[in-house]
Every structure is written in C-alpha cells, then in structure tokens.
Amino acid sequence: MFTKAVLRCTLVTALFFVACKQQPKTTEKPPETKALLTDWPVFEPQPLDSTIEAQIDSLLPQLTLEQKVGQIIQADSESVTPEEVKQYRLGSVLSGGNSAPGDKAYADAKTWLQMADQYYNASMDTDGVEVAIPIIWGIDAVHGHGNLEGAIILPHNIGLGATHNPELIQQLASITAHELTVSGHDWTFAPTLAVPQDVRWGRSYEGFSEEPDLANRYADKIVLGLQGTKGDADFMGAGRVISCAKHFLADGATENGVDQGDAKIDESELLNVHAAGYYSAIPAGVQTVMASFSSYNGRKLHGDYELLTEVLKGKLGFNGFVVGDWNGHGQVPDCTNEDCPNAFNAGVDMFMAPDSWKGLYESTLKHVKAGTITMERLDDAVRRILRVKLASGIFDKGAPSTRKFAGDERQLALPEHRALARQAVRESMVLLKNNEQVLPIDASKTILVVGDGAEHIIKAAGGWSLSWQGEGHTNAEFPNGESILEGIKEAVAEKGGKLIFSPEADASLTADVVIAVYGEDPYAEFQGDRKHLDFVPNAFDTAKLSAYKEKGIPVVSVFLSGRPMWTNPELNLSDAFVAAWLPGSEGGGVSDLLFKRDAAYDFTGKLSFSWPATAVAPQTKDVLFKLGYGLNYSSKETVEVLPENSDLENLEVASTGVFFDKGQPTAPWRLQLQSADLEKQVASFPTSIGGLLVGKTDHMAQEDALKLEWTSTERIQAQLIATTPADMARESNGAMELAFYARTFDQETATVQIGVCSAAGLCNQQLEVVISGQAWKEYRLSLSCFEKLGTDMTAVNTAFSISAPKGTTLGLSAIQLATDADAKPGCDGK
C-alpha cells in the first residue's frame, strides 16, 4: 500500500522488483528550469532490443528532415486526409471522441477499417522518399471501444476500482484490445492512472481510487492486457494494441477538482501518490505516456522538462515516447497551438495537434532549421517513436484490413467477453444500505421499476460511449447491449413474477417492491466539473419515492454516477441503496445481484472512493461511508435517517455572471435560436433553424466553443436566455462588461450585432461589433451601453444575442461578465 511518506528507492525495489541505478544521460537541461527534490525512485530501464535499435540506426539516416518532423506530429482524422498524411509524412492519426468516419461520432467496423487502410496505405507510399514509415492510429478506448458500433462498453474505471480484482482488470483490457483490432486501430489512450483527490473533477470516473494503491496494482495489468507480455510470443500480436499511460502527472490533484487546473501539492505527494501507477506501468512495458493538460504548482506539464525528461525518461527509465494531449502544448507559456518548441524541448515527443497540425509542422520545421530545436532532440524523439512502431510490429503487420480479426464483426461482444463484462458489473456494485435485508429481491413478486436510468443504456454507460460526451444515444445504437430494465425483466420472467415499468413513478401504482434507477446524466472531461457534490435530480424526481415509502413498499435505489455524491435525501427514501457507478452495456449484471440470480452471487464491491457526508467539500473532507465500506446480503448494519441539510446556502453555486463556458450554457441560461417567427431550444449539436447552422469548435479545449454559420439574409439570432429574468442593474452601474471570445473562419473581418435584452423574441438592443481575424480574440462591451439602448437591466432575460449577415461563419466562446479595469464605457467591443 502506498502512503504519503517519502518512497525511497530501496522500497521501490522491494515493491516492483526493479534495480536502482544511476540516472541515464538525458538531453541538456534548460538553464531556467527549477530542480526537483532528489528522492524520486530510480528504475532500471526496460532492456532495449538490439535488433530494433539496429533497425532504427539504419532507418534514421534514410529519413529526410521533413519526414522526421512529420513523425512527431499527430493529426485528428476530422482534420487530415490520407493525401496529407503522405505529403507531410505524419507519424500518427488519432480519432477524437466525436471524430469517426461518416456523419456520426461512432462507426461500424468496416467503415473504420476502410479509413484505417487509407491512412496506412498513404503512409507507406514511397513516392518521393527513400523509405516510408507506417502510421499508427490512436483512439480513446477508455472503457471498451466506445466509438465502435457493437462493441462492449465496460464499467468505467471508478467501478473497476471497487472490484479490487487486478486479474479481472487484465482480462477486461484484453477484451478492449481484441475489439480495437477489429476496427483497425493500433493504439488506445489508456490506462488513465489519475488518483483523483476531489471528485468534483469531471474526469473522476476515469480514476480507480482516491488512494494510489489501486492505480499501482491495476496499471501493469492493463498494460499487459492491452499489449501482452514483452518477450512472449503474443506480445503485440493478433488482438493486441499499444497502450498509453496518462496523464503525466497529478491530473487528479488539481485545486478544487478543476479540469486542466493546477495541482498545488508538495513533491512528496506528487511522487508517492500521483506517480504510483507509473511505477508498475513502466516496468510492465507501457510503450507510450501522455502528458497532462494540467499544471504542477503553476508549471504546465506539457512544458515541464524536469518531470517529462529528468523524471519520466530519466529516473523512471521510460524509453517509449511521450505524446501530448489535445493541443495541450498550446497552453505552455510563449506557445500557441501552431507553434511550440518549448513543449518539444521539454520532452513531448509527439504533438497531439488535432486541427493545428499543419501550422505546427511548418513552425517546428523552421525551429529545427534555426536551431531552436536541435537535431539531437529531434532524432531522440523520432528514435523513440520508431522504437514503439517497430516493437509493436507495425512494420510487418501489413494494412489493417489484412490483419487477424480485422472487420470481422462476429468478433465483437463474444459471449465469453460479455460474461466477463457482466462479472465486472457485479463485482463493481457497492451496497451502501440494506435495512431489514431488503436485498436480494424475490423475483416471483410484483416488481415496480421507476426512473430514467432503467431503460437507457447510455445513462448506464456515461461519457466516452459512442461519442465524447455520450449524450442522446438510443438503445438501438447498442446492438450488443442490454439495459438494466431488460436484465430485470429476464430475472422476473424467469421466476414467474410480475413487472411494472413506470419511468415517471406513478404514485397510484402498487407493488411488493420498487426498484428506482436514476443518477447523473452522461458527461466527459471538463464538462463534468462541478462546484459541489449535491446530486440534483434531473430527468427523474427522486422525491416521488416518498409516495411508495408512505405505502410501506420497500424502495431499492440503483444509483448511476461517475463519482460518489451527496445523496442523503435519496438514501433516506431508500430501504436499500446500491452505488452502481457507470456499469456500461451489460445491464444484466445489475439484476444478477438485485435478485441473487445465482446461489454464488453476493455483493463484494468495496468503496475505492469515500462517500461524502456533505455537498460542499471534497469527498475526503467529511465522510459518510469510508474507503473499503461495502455491505453484503448478510450484513446486519442499519443506516439511520441522515441529515438533509446540504449546506449549499453557504456556497456560491449559482452562475455569477458566466453565461457560456466549456462548451455549455451555464444554468439558468440556455441556448436558443430565434428568428422573426421561429424559435428553437438547442439540446444537441449540430443543429439549425432556417439560415443559421450551429455546431461546436475548439478554443481552449476540445469542443468548448460554438461555430455559427449564417446562410440566409433572414435575421436570425443565437441567444442565451433564462426563464426568470436576472437583475444586472448593479453590474451595469458598476462598470461591468459583457466579454466573449470570437474568431472568423472564412473572412478577414465580420460585422455582427451583439445584444443584451429584457424582452422576449428577437433582441433589438444591439451593438455593432467588428470581429477581426481568424485568431481567437476577446471582445468587451460595457453593460451600460445596452442600458442606454433601452434594456431594462433589472430584468434581463437575454444575457447575450448575436446575429450576422449571410455568409458569416464565426467561432464564439467564454461568454461572461468581466470587470472594466479602466471604468471607461466601451460600446464597440474593443
């Protein structure tokens, strides 16, 4: 078990069977960097294959400078063609969470495979070069191959942490690798080895536990499950893919759980807690490591030479390559998405430059020619990339369509694989309450099922399922999946019971027992960040459960979530309460335990995250259920009535002048499209009304901005509106400004109309603003300008509106109120 005591090299040797040695020679340390402490463990690097190193020695002199620069660039499949892969000799392509071929965020195996062949064949075309280097194609298969139609969606890592079963985790990783080869992918960006300390973080479900021990015990098993064991005959063979440990380092330690934020921790915690997973992943032979978006005490990890080069590649002996995260290099000081020698010199070997790849290629080539990037550093990165490609067998495997399992959809959701996934669901569920031993349920009785989580597979799967955010998908899109409701139906039918399903929880219905399935809606990454841990009922009003309690009908709650949450009211309304996390596409695993469908079944899951006693602090500060807690059928513990005061009145949780952030309107504001005679509430993207098309684009992060395109002369506005008007008189009088970021796409300048209004319909209190250039720029308008136009600032129901002439295409991001430091009213956006 890891502790927060300093982890000495001798202890590391005992735990991981690695020998201490002198730090390998690394590239020269930049003079301005800050040295780390000296108590990091030192690992013996994985032995290099002399045959592979000789091949690299032969290949490097045959590569042109342009080829070498191309090898360190990775582009997204939405932004690069096979012809460009050949022209620029790119080293890799990725497909982001929404970047599948076709018009959906996911695709079937044959469609994926067709694209895989196109990229591979383009990379292997020797026209104009002495030697061609095959491309590797990466994707975020973080809980099964979530972007492949028909694949198994496994429980998210937070649920797998509750299983405390490393051997099962290795088998599940093998399933993911197997199904990735069906679609022609070479590389998955997994495992995530974050150790989340504040589950308000939107990526908490990607972590196994708040304690480092599980990250360490699981990391090597996942690497072995994905890649195979180095030296064995099946290493990187059929059904194996390259793995990627991420995100280096301390992404789970950011202050207040803010995604891409700052980990303000000491180095002892950094190396003993947040590096724990790497201490087993690296000796297991993980071939790639992804740098973190986040910072360590103000130092952006993509630009941190000490951690990426001195620690990871030096002391920890990692000899694979470091890949960046989605334009993460652009957040390094003095960098942009299209120009960042600092990240490369710090130790990033391959830039993940999804849509910025071409500009980054050109600037990097210039930096090498100018000496800002040395040939020694470039050759080091290319050597590392070639080492992984050769070790993975990519030079010998041939086109993706020629490999074993390729395109064979019969290989998806194999019965033995589904059985393992269902076992994982059973072992991940944690029984928090079972007063009067309500569970297991007698399936021969009358069972009433309520709640929106019962019938919708996507709610049980969560983010990174079919699409990045996992929103809006139907069960038909999971042809090999089973909902929780379907699993319950099977169990009840098997025993001759009666099933009633009422998703809205009709209070007039009666039954022997009620099963309520509800929880968080899907989210991913920063869009899941929260300011508090109070579970706010969404599509299902949990207060309706009180009607059944009053009738004396036992209530069993199955809570679906990507983190532990403050659920005291729901616990009080439940006789039994199950933390089911995000179990994925094998919903039958839930019914297995609710009804004890096999004599051997019982609850074995134990909390790997503490359960919060309050809504206003990180879960580790005030604990209701401790780490390791979990009941079984025979447990006699009674959970008494819990206090229901959330303490949220002591926390500012409402929107404080932030109207649109991280790709989403901020409650209570919502996005609406408005013309003279039509209006449309925006629920998903892309969407349109008349002559206005609205989709997503990237500003500071993936899909955190709107892309708006006006295609007609009709006046159409995009608006952020609220049902209850907001009083902004104080803000207007106090010299506050409406601030937003914008850019053009196809024009040098675009003249738009920006409004803040107190009347419904089209917003007429508008100011003319000129958006200049295709680079993101901040624009500001004094609220007092709108007041002068006639807006009643005491009753604002449109916080922002925008319209533009036909032919205008704009990006729009980060709409909020800001302080006017000069207190000089500006009405033109400058």
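Visitor: Asp349 and Lys313, buried or exposed?
Guide: Asp349 is buried, and Lys313 is buried too. Buried means under 20% relative accessible area, exposed over 50%, and partly exposed in between (1.4 Å probe, protein chains only). This is a predicted model, where local features need pLDDT of at least 70 and side-chain atom pairs count only at pLDDT 80 or more, while totals for chains, interfaces and linings use all residues. Residues are numbered from 1 along each chain as its sequence is written, and side-chain values use heavy atoms, leaving out hydrogens and water.

Visitor: What does Asp349 form with Lys313?
Guide: A salt bridge, with the closest N and O atoms 2.9 Å apart. The term means a side-chain nitrogen of Lys or Arg within 4 Å of a carboxyl oxygen of Asp or Glu.

Visitor: Why can side chains pair like that?
Guide: Side chains of opposite charge can pair when their charged atoms come close.

Visitor: How many salt bridges by this rule?
Guide: The count is 38.

Visitor: What about Asp408 and Arg410?
Guide: Their side chains meet in a salt bridge, 2.9 Å from N to O. Asp408 is buried, because its relative accessible area is 18%. Arg410 is exposed, because its value is 68%.

Visitor: Which residue does Arg418 form a salt bridge with?
Guide: Glu586, and the closest N and O atoms are 2.6 Å apart. The pair links distant parts of the chain, 168 residues apart. Arg418 is partly exposed at 25% relative accessible area, whereas Glu586 counts as buried at 3% relative accessibility.

Notes
Helix = DSSP H or I, 4+ residues; strand = E, 2+ residues; numbered from the N terminus.
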